[in-house]
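Hi,

Here is the structure I said I would pass on. Have a look at it first, and my notes on what turned up follow below.

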Amino acid sequence: MSTIAAVITPTPQTFPTPEAAPPGVTHPKTIRSFVRRAGRTTSGQAKALAELGPRFVLPYEPQPLHAEQVFGRQAPLILEIGFGMGETTAQIAQGQPEVDFLGCEVHEPGVGALLKRIGELGLTNVRIVQHDAVEVLQHMIAAASLAGVHIFFPDPWHKKRHHKRRLIQPPFVALLASRLRPGGYVHCATDWQPYAEQMLQVLSAEPLLINASPDASLGGYAPRPAYRPLTKFEQRGLRLGHGVWDLVFRRRDG
């Protein structure tokens with residue numbers, strides 16, 4: 001499951017600075033789009049960080065990213081927010097070599113794990129930014145530049161008093177939509193139905209987006225796209241009868 005969660009103020013398209021405290025958060029040290037998780041970096045992950053990090057991990061810089069220079073070509077760019085241990089990212093990138101992928105993740109073992117898979121699979125179409133995704137979107141991603149955004153299994157923050165920490169909220173979705181090119185998509189997936197319902201409500205309310213799966217029989221949710229592999233966690237949940245909800249929305253052409 002992703003390490004991403006959010007604390008975002010309710011003012012549309014307004015994001016707090018790290019020094020500001022949002023209403024309802026008593027003692028935050030900083031405001032982030034993520035929560036750091038405890039975890040130990042294995043020797044294999046550490047080796048990948050040392051050997052492959054300099055090539056594949058991009059430094060955060062508060063200026064627009066020139067993807068054609070970073071990847072050495074012109075290709076559609078997809079941003080993944082909170083890739084966890086990176087196995088899904090690696091599989092998708094391997095299956096779509098004509099597309100470039102930029103992953104945001106702050107969890108060092110996850111970054112090391114994805115770098116390890118990049119090396120094992122010989123991938124050249126993946127880069128990583130180990131930084132807050134909100135700031136990456138604000139400062140490194142140009143308007144109307146992304147072909148897609150993947151947000152798979154973000155932290156659902158189950159308790160009602162923590163719902164304000166969820167990533168998928170109107171200000172963040174407005175920022176996402178502004179970074180999509182016309183026809184670009186945002187694909188979210190969750191195994192927590194109340195969060196799925198919130199995602200559907202928030203994405204549907206964004207004026208720049210349109211539901212790519214309007215089939216009423218699916219209730220506004222999408223069939224799992226073939227490019228998104230089932231994770232081991234997801235397969236176990238499905239065997240136990242748990243649901244998984246995919247949502248795919250596209251930026252309007254006009």
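(Buried means under 20% relative accessible area, exposed over 50%, and partly exposed in between, with a 1.4 Å probe and protein chains only.) Ala-144 is found in the loop between α5 (133–139) and β5, and its phi is near 55°, a positive value in a residue other than glycine. For context, most residues other than glycine have a negative phi. Phe-153 also has a phi near 55°; Phe-153 lies in the loop between β5 and α6 and is buried, with a relative accessible area of 8%.

Before going further, two notes on where this comes from. It is a predicted model, so I kept local features to pLDDT of at least 70 and side-chain atom pairs to pLDDT 80 or more, while totals for chains, interfaces and linings use all residues. Residues are numbered from 1 along each chain as its sequence is written, and side-chain values use heavy atoms, with hydrogens and water left out.

**The overall picture**

The protein comes to 8 helices and 8 strands. (These are DSSP runs numbered from the N terminus: helices are H or I with at least four residues, strands are E with at least two.) Of its 254 residues, 50% count as buried. Among contacts between residues at least 6 apart in sequence, 80% join residues at least 24 apart, where contact means heavy atoms within 4.5 Å.

**The sheet**

What is the strand order of the open sheet? The 8 strands run β1-β4-β3-β2-β5-β6-β8-β7, with mixed pairing. (Two strands pair if DSSP finds at least two bridges between them.) β1 (57–58) and β7 stand at the edges with a single partner strand each, so one side of each is left without a neighbour in the sheet.

Going through the pairs:

- β3 (residues 100–104) and β4 (residues 126–129) run parallel, joined by 4 bridges, and Cys-104 stands opposite Val-129 in β4.
- β2 (residues 77–81) pairs with β3 in the parallel sense over 5 bridges, with Leu-77 opposite Asp-100.
- β2 also pairs with β5 in the parallel sense, over 3 bridges; the bridge partner of Leu-79 in β5 is Val-149.
- β5 (residues 146–152) and β6 are parallel and joined by 6 bridges, with Phe-152 opposite Ala-189 in β6.
- β6 and β8 (residues 245–251) run antiparallel, again with 6 bridges, and Cys-188 stands opposite Leu-247 in β8.

There are right-handed β-α-β units here too. One is made by β2, α3 (residues 87–95) and β3, another by β3, α4 (residues 108–121) and β4, and a further one by β5, α6 and β6. (Right-handed means that, with the strands pointing away from the viewer, the path from the first strand over the helix to the second runs clockwise.)

**What is covered**

In β3, 5 of the 5 residues are buried. Both faces are covered, with Asp-100, Leu-102 and Cys-104 on one side and Phe-101 and Gly-103 on the other. Helix α6 (residues 170–179) is mostly covered as well, with 9 of its 10 residues buried, including Phe-172, Leu-176 and Arg-179. In β6, 8 of the 11 residues are buried.

On the cysteines, Cys-104 is buried at 1% relative accessible area and Cys-188 at 0%. The count comes to 0 disulfides, with a disulfide taken as a pair of cysteine sulfur atoms within 2.5 Å.

**Rings and charges**

How many aromatic pairs does a search of the whole structure find? It finds 1: Tyr-185 and Tyr-227 are tilted, at 6.3 Å centre to centre and 50° between the planes. (Rings of Phe, Tyr and Trp, for Trp its six-membered ring, pair if their centres lie within 6.5 Å; planes under 30 degrees apart are stacked, over 60 edge-to-face, and the rest tilted.) Tyr-185 lies in β6 (residues 180–190) and Tyr-227 in the loop between β7 (209–211) and α8 (232–239), so the pair ties together parts 42 residues apart in sequence. Tyr-185 is buried at 10% relative accessible area, whereas Tyr-227 is partly exposed at 25%.

Two arginines sit over rings. The charged end of Arg-165 is over Trp-157, 5.4 Å from the ring centre, and Arg-228 lies over the face of Phe-152 at 5.8 Å. (The rule asks for NZ of Lys or CZ of Arg within 6 Å of the ring centre and within 35 degrees of the ring normal.)

Cheers
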